[in-house]
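Dear colleague,

Please find below the structure that I am handing over to you. My findings on helix packing and aromatic side chains follow it.

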Amino acid sequence: MNRNSSKSRVDVLGERYRSRAPTLSSSLQAVARYIHDHREVVLDATAMEIADATHTSDATVVRAVQALGFAGLRDLKTTLTAWFGPAMNSEEKMSATVGELSCDINSGIDFVLSGHKRACDALSEPHNREAVAKAVTHLIDARQVALFGINASGILADYSARLFTRIGIPAVTLNRSGIALAEQLIGLQRGDVLIMMAQKSAHREGITALKEAKRLGMPVILLTNALDSAFAKQADVIINVPRGGENGRMPLHGTVLVCLEMLILSVASATSSRTVKTMKRIQDLNRSLKPSGKK
């Protein structure tokens, strides 16, 4: 069972919130409401992080959790995990997808083409064109572009960082985990711009990258199909990028790449002199790297 089917489970938190929240003080109500409305974020958050988000204290968070009938934050998270159920992994999504397709080549072709067509139609809508234009205004003056993505999105981050460098904007990737991600994050500075590829799951890597960007005053450009996620609530620009993946089927990452190339080429055309100058210098360096006598 994936998270889309979680609503069929007993919603212990929801029942307790509805029955107990009205009797709580205003500060406890604020925490309880946040926990109820941001369940995926709470799953990976500490008491101090919840306190920061609700402008309260960690002691108030603990009291609110207990007032909702849980022994503590760990007990609450255990209950939420059971309610969400296990998320489908990549193998399960691939199995679900190929299981729905007919046993012929055309069904696979049609699945991908129709998915990308829907995504491209969505990307061309007025609200997304406006969002891309806003993103470009931030990127033009960026000291450096940081691209956040994990798993498959991490590969797209590597590719896009090379393209940004080619048009004259220094770029770095934020696509690792643990201490390796911390080492990538430490290089961020004021004047940088963050492009995030993230969906609904408020994973610790994304939350940490977002917090560091906010601390530095960096504009955040979010590429997502989860418009109500914790990331979306803090992004400066949101570009809606449909990826498919409904009903447990595999998502299409090519639609995200389309959006990234839209951004990069838009920035390149808006700063054509810098782009041409950088590309010329790259070619000069490339020629000097070739063996003598070869062009």
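At what angle do helix H9 and helix H13 pack, and how far apart are their axes? In this predicted model, helix H9, residues 126-140, packs against helix H13, residues 254-270, at an angle of about 60°. The axes of H9 and H13 lie 9 Å apart. Since angles of 65 to 115 degrees count as roughly perpendicular, this angle makes H9 oblique to H13. The crossing of H9 and H13 is right-handed.

The contact itself can be followed by residue. From H9, Val 132, Ala 135, Val 136, Leu 139 and Ile 140 take part. Their counterparts in H13 are Met 262, Leu 263, Ser 266, Val 267 and Ala 270. By class, the residues of this contact of H9 with H13 comprise 9 nonpolar and 1 polar, with no charged residue.

Helix H2 (residues 26-37) and helix H4 (residues 47-54) have axes 10 Å apart and pack at an angle of about 110°. H2 and H4 are therefore roughly perpendicular to each other. Here Ala 30, Val 31 and Tyr 34 of H2 meet Ile 50, Ala 53 and Thr 54 of H4. The contact of H2 with H4 has 5 nonpolar residues and 1 polar residue, and no charged ones.

Finally, I turn to the aromatic rings. How many aromatic pairs does the structure hold? The number of such pairs is 0.

With kind regards

How values were computed. Residues numbered from 1 in each chain as written. Predicted model: local features only at pLDDT ≥ 70, side-chain atom pairs only at ≥ 80, totals over all residues. Heavy atoms only, no water. Axes fitted to C-alpha atoms, helices over the stretch in contact; angles between N-to-C directions. Helix = DSSP H or I, 4+ residues; strand = E, 2+ residues; numbered from the N terminus. Parallel < 35°, antiparallel > 145°, perpendicular 65-115°, else oblique. Left-handed = near helix turned anticlockwise from the far one by under 90°. Contact = heavy atoms within 4.5 Å. Nonpolar A, V, L, I, M, F, W, Y, C, P; charged D, E, K, R; others polar. Phe/Tyr/Trp six-rings, centres within 6.5 Å; stacked < 30°, edge-to-face > 60°.
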